[in-house]
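Dear colleague,

Please find below the structure that I promised to hand over to you.

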Amino acid sequence: MKWNFSTNPITKEQTSYIKGVGILLIVLHNFLHWVGPNPGENEFDFAVSRGNALLNQLVEMPTEFLNILFSYFGHFGVQLFIFMSGYGLALSFMNFKGSNLQYIKSRITKIYPTFLIGIFVLLVYLAYTRGGFPNMDWWTQMSYKLLMINNWMPDEALSINGPWWFYSLIFQLYLLFPFVFYCIKRWNSAGFIVMSVASYALIFSTFQPLMHSKLYIMANAPGHIPEFALGIFLALNPKIRINIWFIVLSVIAFIWGNIHFSGFPFTFLAISLLMFALFQRIFKRRKNALTQTHYLVFYGNLSMYLFAVHGFFRPQIIGLIQGGPWWIKLFYALVFLLITTGVALSARSLHSSINNLIFNTKNQLTHLVARDKIAHFIQRYRLGESLKLLARFFIISILSVAILRVAMMLYTSMDNSSANIDFLHLYYGLLRDLLVCARWFVLLIIPAFLFGIWSKVATKIFLYSTTLPLIVLTGILSYFFLKNQVPLEKFELTEIAFSTISSLWGFLFIGLGLISFLVWPRNKTVPAFTSFILLITIVVAGFTPKPWYINPPKTKFQSEKLYYQAVNYAVHFVDHALEEYALREEKLEYSRALSLIKEDFPQFGASDLEFPLVHNHQPNDTLRSFFEARLSQPNFVFILIPEICTEYSGLAANALSVTPFLDSIARKGLYWPNCLALTTEITHSLPTIFSSVLSGGDFMAARSDMPNHTSLMTIAESFRYKSSVFFGGDAEHNGMLHYLARNKTILPLTNRNPNVEAEAKNEFGYLGWHDLELIERRLENNWKTDSAPFIDIYVTSSSKFPYTYPDKEKWQTLLRQHLINKGIGESTISSNLEYLTSLFFTDYAMRKLYEAYSKRSDYKNTIFIVTGSSHYNATDSLPAIKKNLVPLIIHAPPNLRYNNHHRSFVRGQI
């Protein structure tokens, strides 16, 4: 046995080979981990359940092994790029003659254009699929990414396009590179060890605090310095002998890091060393076999562009997958790879064309000739003069509109009748005014150039005649709205002009616009600056007919008054005038309009003139394919657990899972980790879940006057089902008893007789029996096989504040032992001990209930459905959306063909 092996320098083709492996791992992982079954991945955070899910899914679904393995391990392709970045940077830096800052700048300018190309492709994709550009929030998030700071912004690392988190990471590593390189070059292996130890100390000390702030240390440079430093170390020591025990320790560290958090940060360095050793072995066997035509080398050379564009093409293709065998998922994954490869090739070609156009200086003669021809063309047709005039008018128009909006702010601050003015909305209105001006001048570019060919005077006349009306109209409409506070579309323009100009303030507003436009100083430095501004305007404003974000719909605002403060008046008025004109011109009969709807949407089945858009639409049966065809009129057992959230329960638990039994049936059934719980009240959960009634007290408070509605129980009753609800508390609370009566649902157990009334009216209100007592009473009372199919609904209460469960110290000790066995420290649960223990207790009670059903003769004809009855309502650091996410489990092992884990959001009704 060889106890060590020697390394060789990595060549250019070998570098592309390694990057090809890395990018294929990343692309397939990013696609397949959105397609079930998916055990999850320990990438930015850690959960023991993911490793357990990996093993369980491989055993239970061996044919899905490709999907499962890529989902769990594919993200480690990122480590190849981090490792190779350190390796490549070190090699090129040793031959670089400039300063550290110049070197960092050269590396950033290599990846930044690719990122910009990716953003451009995304904008084109969004414009095609959504019919317009994104909103302001999207651009704010994009600005974080362009500044490479999104990984240090809460909840921003994976925004817009998940894979792009890597750009911020690699940017940080570039900044740290000179220091890391110096330490390793100065102290060799000791420098590498010091860098790694410092990184791990930072990881372990900041991992949990940053997680509470919704930040990931493993998505930033400090979390990946060890593998980056390893690449630098091996580049500086290309021929080194590595002891086989390092490989053995790496294997042990990688395995340990997937079953316990204490080893999790070491998995990234371990896999980097293991993959490096594997590639060294491959390259020794295939010394001359790698060429530019090898498919992995090809993908390695394309990796920058493929990485930039592949992420946002996933949803369209994933939406085509509706379960199915493993080869269907693999087929769509390959289709996704081929499509994104084609887009990446186009992006590379676009990047190359831009570089050739701007930076290619090989043929100086060609450039001189081209430059002279362009200069002659610009001079001959006065394009330069036209551009200067257009830029000057553009700047003056923007300033004029800004002055009008500022005047509005001053006017409203002096006018007592406008005490409720919202200056933030007026500021939004100013931004929209500027955007309208920008888009207006985009449309004037070509006409201005055409008039410029005629004469400079013609260009001025054209710009005056097109720009002055915009300023005057803005002044008239601004003052009219402030003075009258009525919807602008209710009046004709002539009436608005008359009522506005008849006032001294109206003259002042219009005069402000005209004076600012006509007498603004013609500074000679303006045209050069404004030419640049005009170019940016073309890019930002674009040529789409009417992006929705210029004037959003009124429904986006709390009141009509705020809407009129925040919009651009000219666009609003003109849009309304055009709509009215179109209605007068078309004069389509109502029946004709209805026939057009039927022609365009025959599946709607519009039936009458009074309600033309009411239609009968049959939704897709998404669950039938998971069940055996022989299943007929099964029994249903619903278990509704309050405040159970996916942060602490289920296969997708981000922090830890304290429900081992529910997790075990989730692995064998259908599992959604992102079901929305729509209420905080247990008693409101029944109408919310089974009748699609929005959460709130009015519906339940109606009691005997409760509105007519349809529920799952009334539908099931027509098929001879008998529905029962088992609840350990006071069923009269919040009108729950009246709801059950209206839906022909019985309450076999009651907590309202003289013997137990005190329990229902304890110091905690209506919660009554704890979950285990409820189950025990259920097993004692009426536990028999009914002839008719049944629906049993269990509404538990122990996990609802104030967490009613017995022997609290005993159950807290059992929970601690459970978490120790899972490798989770006690500090993780200290702040939520009562709540987590109550969930752990409820999980045990549900195990007892499930075992009782499994002994019944009709067990094989029973479907179990578990979800949350209300969302998590405690005050901790969880974001609001995570408190509302509850698991949804459908379990029927004898009758399920296969299980599936879904990541998509679903509604809170069943």
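With a relative accessibility of 1%, Thr7 counts as buried, a word used for residues under 20% relative accessible area, whereas exposed stands for over 50% and partly exposed for what lies in between (1.4 Å probe, protein chains only). This is a predicted model, in which local features need pLDDT of at least 70 and side-chain atom pairs count only at pLDDT 80 or more, while totals for chains, interfaces and linings use all residues. Residues are numbered from 1 along each chain as its sequence is written, and side-chain values use heavy atoms, with hydrogens and water left out.

Thr7 sits in the loop between β1 (4-6) and α1 (12-32), where helices (H or I, at least four residues) and strands (E, at least two) are DSSP runs, numbered from the N terminus. The side chain of Thr7 reaches the backbone oxygen of Pro238 at 2.8 Å. Apart from neighbours within four places in sequence, Thr7 is in contact (heavy atoms within 4.5 Å) with several residues, among them Asn237, Pro238, Phe276 and Gln280.

Phe120, for its part, belongs to helix α5 and counts as partly exposed because its relative accessibility is 46%.

Lastly, Pro673 is placed in strand β4 (residues 670-676), and it counts as buried because its relative accessibility is 7%. Between Pro673 and Leu651 there are 22 residues in sequence, and their C-alpha atoms are 7.6 Å apart in space.

Technical notes: Polar contact = N/O pair within 3.5 Å; in protein donor to acceptor, adjacent residues only side chain to side chain.
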